[in-house]
Amino acid sequence: MTEAETAPLVRRPLDLRAVSLVLLLCLIWGCQQVALKGIATNVAPIMQLAIRFGAASIFFGIWVLLREGRRAFIDGTLPSGLLLGLLFSLEFIFMGQSLVHTTAAHSIVFLYTAPIFTALGLRFLPDEHLSRPQWAGIGVAFSGIVVAFLGFSGRPAGELLMGDALALLAGVSWGLSNVALRRGRVGRAGTAKTVFYQVATAAILLGAFAATTGQTGFEPSTMTIVGLLFQTIIIAISSYVMWFWLLRRYLTSRLMLLSLLTPLFGVAFGAVLLGDPISLRFALGAALVVSGVLIVNLQLILRRHPGKQSG
């Protein structure tokens with residue numbers, strides 16, 4: 001490795017470019033559920049994920065080999081890279097199974113506890129430490145998600161509890177995968193290699209899970225092919241490159257907090273594309289999420305421009 005590659009990475013607070021890119025990612029990830037549901041009758045969601053991650057792993061594998069050659073995986077990043085891939089895979093397995101037992105709204109709420117677990121896992125790092133007002137911002141944002149998405153359901157309480165627990169485990173897996181990236185040697189790997197560890201591991205594990213649970217059915221159609229191409233090219237390749245580029249350059253906990261806007265975009269897409277109604281509860285929850293994000297990032301802006309406070 002070169003001196004530049006071994007030098008410590010300096011992650012900085014979010015700037016306008018980072019905020020704009022994360023908002024774009026929230027838009028892309030927000031329509032992910034619509035894409036999965038749109039072709040679910042032809043391909044089971046867990047199989048869709050295995051296919052898209054398999055195709056993405058081929059793309060990133062070629063990229064890594066062309067850039068680093070045969071020595072690509074003897075740089076010490078393999079153990080933490082496999083751990084990162086395992087946590088990434090568990091996130092999608094838990095999330096997919098949670099939808100069998102609970103509502104999509106409940107699943108989204110508990111999946112997006114991930115920023116809390118990321119912040120907890122990084123709390124001992126000086127540059128990732130959150131102040132009390134920033135923790136309050138996380139609390140406000142998460143309460144907004146709860147208000148926006150939690151509602152009544154006719155399902156049995158025991159079944160809901162199981163589904164909610166699985167969705168929570170998905171959130172834990174996602175949150176800890178960011179900790180593994182931040183604190184492991186894989187955090188110093190290039191973006192392509194970082195993504196490769198995740199999508200390759202996920203393709204293998206999700207494919208095996210789909211096979212053992214009888215979810216490998218595939219009925220080809222134009223909509224199926226378009227849906228899988230969108231999930232592969234836009235989500236599994238383009239958005240992941242962008243996300244891990246951001247994680248290598250900006251503070252992880254701040255990026256994760258801003259990602260809390262994703263489920264709000266998801267509901268908006270559902271309303272536009274599927275005709276789902278937007279209730280007053282959702283509008284109130286959206287306001288709380290935006291307020292929580294502003295609480296954290298407003299303090300960061302004031303810290304970066306202290307001279308403006310006394311003007």
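The protein has 14 helices and zero strands, where helices (H or I, at least four residues) and strands (E, at least two) are DSSP runs numbered from the N terminus. The model is predicted, so local features need pLDDT of at least 70 and side-chain atom pairs count only at pLDDT 80 or more, while totals for chains, interfaces and linings use all residues. Residues are numbered from 1 along each chain as its sequence is written, and side-chain values use heavy atoms, with hydrogens and water left out.

**Burial in the protein**

- Of the 311 residues in the protein, 48% are buried, a word that here means under 20% relative accessible area, with exposed meaning over 50% and partly exposed lying in between (1.4 Å probe, protein chains only).
- Val289, found in helix H14 (residues 280-304), is buried because its relative accessible area is 0%.
- The C-alpha atoms of Val289 and Gly144 are separated by 4.9 Å, although these two residues are 145 residues apart along the chain.

**Helix H2 and the cysteines**

- The 15 residues of H2 should span 21 Å at 1.5 Å a residue, and the end C-alpha atoms of H2 are 21 Å apart, which agrees; the expected span of a helix is 1.5 Å times one less than its number of residues.
- The buried residues of H2 include Ala18, Val22, Leu25, Trp29 and Gly30, and Cys26 also counts as buried because its relative accessibility is 1%.
- Ile28 lies in helix H2 (residues 16-30) and is buried, with a relative accessible area of 15%.
- The C-alpha atoms of Ile28 and Thr262 are separated by 8.4 Å, while the two residues are 234 residues apart along the chain.
- Cys31 is buried as well, with a relative accessible area of 14%.
- A disulfide is a covalent bond between the sulfur atoms of two cysteines. When a disulfide is taken as a pair of cysteine sulfur atoms within 2.5 Å, the count comes to zero disulfides.

**Helix H4 and its end**

- For helix H4 (residues 45-68), the 24 residues should span 34 Å at 1.5 Å a residue, and this agrees with the end C-alpha atoms, which are 34 Å apart.
- After H4 comes Gly69, whose phi is positive, near 70°.
- Gly61 lies in helix H4 and counts as buried, at 11% relative accessibility.
- Gly61 and Val195 are 134 residues apart in sequence, and the distance between them in space is 9.4 Å, C-alpha to C-alpha.

- Side chains of opposite charge can pair when their charged atoms come close. A search of the whole structure finds two salt bridges, each being a side-chain nitrogen of Lys or Arg within 4 Å of a carboxyl oxygen of Asp or Glu.
- In one of these pairs, Lys193 forms a salt bridge with Glu68, and the closest N and O atoms are 2.8 Å apart. Lys193 lies in helix H10 (residues 191-212) and Glu68 in helix H4, so the pair ties together parts that are 125 residues apart in sequence.
- Asp75 also forms a salt bridge with Lys193, the closest N and O atoms being 2.5 Å apart. Because Asp75 lies in the loop between H4 and helix H5 (78-101) and Lys193 in helix H10, this pair ties together parts that are 118 residues apart in sequence.
- Glu68, Asp75 and Lys193 are thus linked in a network of salt bridges.

- The 28 residues of H11 should span 40 Å at 1.5 Å a residue, and the end C-alpha atoms are 39 Å apart, which agrees.
- H11 has a kink of about 30°, centred on Ser239, where the bend at a residue is the angle between axes fitted to the seven residues ending there and the seven starting there.
- Phe218, Ile225, Leu229, Ile233 and Ile234 make a nonpolar surface patch of about 420 Å². Patches are made of residues with over 30% relative accessible area and no salt bridge, like charges being joined within 9 Å and nonpolar side chains (Val, Leu, Ile, Met, Phe, Trp, Tyr) within 5 Å, and accessible areas come from the Shrake-Rupley method with a 1.4 Å probe, for which only the protein chains shown count as cover for residues.
- Ile233, one of the patch residues, has its place in helix H11 (residues 222-249) and counts as partly exposed because its relative accessibility is 45%.
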